[in-house]
Amino acid sequence: MEKIRLGKTGMMVTRLGFGGIPIQRLNEGDAVAVIRRCLNLGLNFIDTANAYTTSEERVGRAVKGRRKDVFIATKTHASTRSEIEKNLDLSLKRLGTDYIDLYQFHQIGDMPTMKKVLDPESGLIKVFEEAQKAGKIRHIGATSHQMDVAKALVKSDRFETILFPFNVITSEPADELLPLCRKHDVGFIVMKPLAGGMLDNAAIAFKYLLQFPDILAIPGIEKPAEIEEIVRIYQGSPKITAAERKKMQQMKDRLGTRFCRRCDYCRPCPQEIPISMVMSFQSFVKRMPPERLFKQGMFEGAMSKAAGCLDCGECETKCPFHLPIREMLKENLKFYEEMKARLA
Ligand code: SF4
Ligand code: SF4
């Protein structure tokens, strides 16, 4: 597998890495086997998160004995100093390692949160920097779904990587964010290369990304056959044929107005409905065992708020992608209720 330099981290990573969300749905043996298959195919980058339940432990088991062959990235949602310290120690323990190659702030979603992270006096980034000095982490990155926040994070020059959604439907990063990353030498890691499971044509989805020679894509992988197919695409010609270009446009036209980017520009809602969270339900179901979603009550609060939608349409006037938000909220709510009844 061809390697690229991941921005100022200097890490030479394969253009294709492993996204550790869907392995939560598998049994332990299958999860370890699929990660090992990826490593055997030459992938050398694994991304996971403290929040992905069993994912870190499974990654830890899979890389046992070959830790030096792989870069491990993980992340924390924590918003206080002590929680970050606790999360980091837990990640190290679960991963069975004494260092993490890339530690990321998980979903910096708005400017106030970014300020809290970068505050010159009390910024949470200091905890990361101390951990870096102590050798627990090697590099510092951030993840976001919000374009304006992502651009500000890159411009701050405090992060070595950014993990952001980029795919044939959500192609906006190609215009400004990616050039900005190049300017600031920030490594660009591609979240949702298959648009959170919406794109079922891997050949077209990855052909689109192959045009950009300096990005690292981390698809969530559940089965060895999936990664084998993607690796074959990466080994083929990057040239996009006229027929492929046409298919890309068709995908964009068909799905572009039904795909929530989780950018939250539709906020605030008078009923305080967490719109992007409700919209993400069907995609979560594809990546996590539904039983666990319900057991943890992850969507309970969001869905009960969604049931109180006033149908005022205010959110739709703010969505830059012109999504039929009200209709999509209803669809997700219906899907949720049906699944809840089935699992009861
Ligand atoms: S239509 Fe519903 S979700 Fe949208 S702003 Fe109004 S109450 Fe909130
Ligand atoms: S509905 Fe539109 S504005 Fe709201 S999070 Fe999704 S894509 Fe963004």
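Me: Buried means under 20% relative accessible area. In this predicted model, why does Ala73 count as buried?

Reply: The relative accessibility of Ala73 is 0%, and the cut-off is under 20%, so Ala73 counts as buried. Ala73 lies in strand S5. Leaving aside neighbours within four places in sequence, Ala73 is in contact with Phe45, Ile46, Asp47, Thr48, Leu102 and Gln104. The C-alpha atoms of Ala73 and Tyr103 are separated by 5.8 Å, although these residues stand 30 apart along the chain.

Me: Why does Thr76 count as buried?

Reply: Thr76 has a relative accessibility of 1%. The limit is under 20%, and Thr76 therefore counts as buried. Its place is in strand S5, residues 71-76. Beyond four places in sequence, Thr76 touches Ile84, Asn87, Tyr103, Gln104, Phe105, His106 and Phe128.

Me: What makes the link between the side chains of Thr76 and Asn87 a polar contact?

Reply: The distance between the two side chains is 2.7 Å. A polar contact requires a pair of N or O atoms within 3.5 Å, one able to donate a hydrogen and the other to accept it. The pair Thr76 and Asn87 is accordingly listed as a polar contact.

Me: How do you know that S5 and S6 pair, and in which sense do they run?

Reply: Pairing requires at least two bridges; four bridges join S5 to S6, so the two strands pair. They run parallel. Thr74 stands opposite Tyr103 in S6. Strand S6 (residues 100-105) is mostly covered, with six of its six residues buried.

Me: What is the order of strands in the open sheet, and why is one side of each edge strand left without a neighbour?

Reply: The open sheet has eight strands in the order S3-S4-S5-S6-S7-S8-S9-S10, with parallel pairing. Strand S3 (18-19) and S10 stand at the edges; each has a single partner strand, so one side of each is left without a neighbour in the sheet. Further along the order, strand S7 (residues 137-143) and S8 pair in the parallel sense over three bridges, with Gly141 opposite Thr161 in S8. S8 and S9 pair over five bridges, again in the parallel sense, and Ile162 stands opposite Phe188 in S9.

Me: Why is S9 described as largely enclosed by the rest of the structure?

Reply: Five of the five residues of S9 are buried, so the strand is largely enclosed. Gly187, Ile189 and Met191 point one way from S9, and Phe188 and Val190 point the other way. In general, side chains in a regular strand alternate between the two faces of the sheet.

Me: What makes H6 largely enclosed?

Reply: Seven of the nine residues of H6 are buried, so this helix is largely enclosed by the rest of the structure. The buried residues are Met147, Val149, Ala150, Lys151, Ala152, Leu153 and Val154. Their cover includes helix H4 (111-118), S7, S8 and H7. H6 is followed by Asp157, whose phi is positive, near 60 degrees.

Me: Which residues of helix H7 are buried, and how do you know that they line one face of the helix?

Reply: In H7 (residues 177-184), the buried residues are Leu177, Leu178, Leu180, Cys181 and His184. Seen down the axis of H7, these residues fall within an arc of 160 degrees, so they line one face. They pack against helix H6 (147-155), strand S8 (161-165), strand S9 (187-191) and strand S10 (215-217). Just after H7, Asp185 takes a positive phi of about 55 degrees.

Me: What makes up the largest nonpolar core?

Reply: The largest nonpolar core has 80 residues, and those with the most contacts inside it are Phe159, Phe188 and Phe206. Its largest share, seven residues, comes from helix H8 (residues 202-210). Apart from this core lies another, of 28 residues, among them Cys266, Ile273, Ile275 and Phe281. Phe206 touches Leu16, Pro193, Leu194, Ala217, Pro219, Ile230, Ile233 and Tyr234, not counting residues up to four places away in sequence.

Key. Residues are numbered from 1 along each chain as its sequence is written. Chains are lettered from A and ligands numbered from 1 in the order in which they are written. This is a predicted model: local features need pLDDT of at least 70, side-chain atom pairs count only at pLDDT 80 or more; totals for chains, interfaces and linings use all residues. Side-chain values use heavy atoms; hydrogens and water are left out. A nonpolar core is a set of buried Ala, Val, Leu, Ile, Met, Phe, Trp, Tyr and Cys residues joined through side-chain atoms within 4.5 Å. Buried means under 20% relative accessible area, exposed over 50%, partly exposed in between (1.4 Å probe, protein chains only). Contact means heavy atoms within 4.5 Å. The arc is that of the directions from the helix axis to the C-beta atoms.
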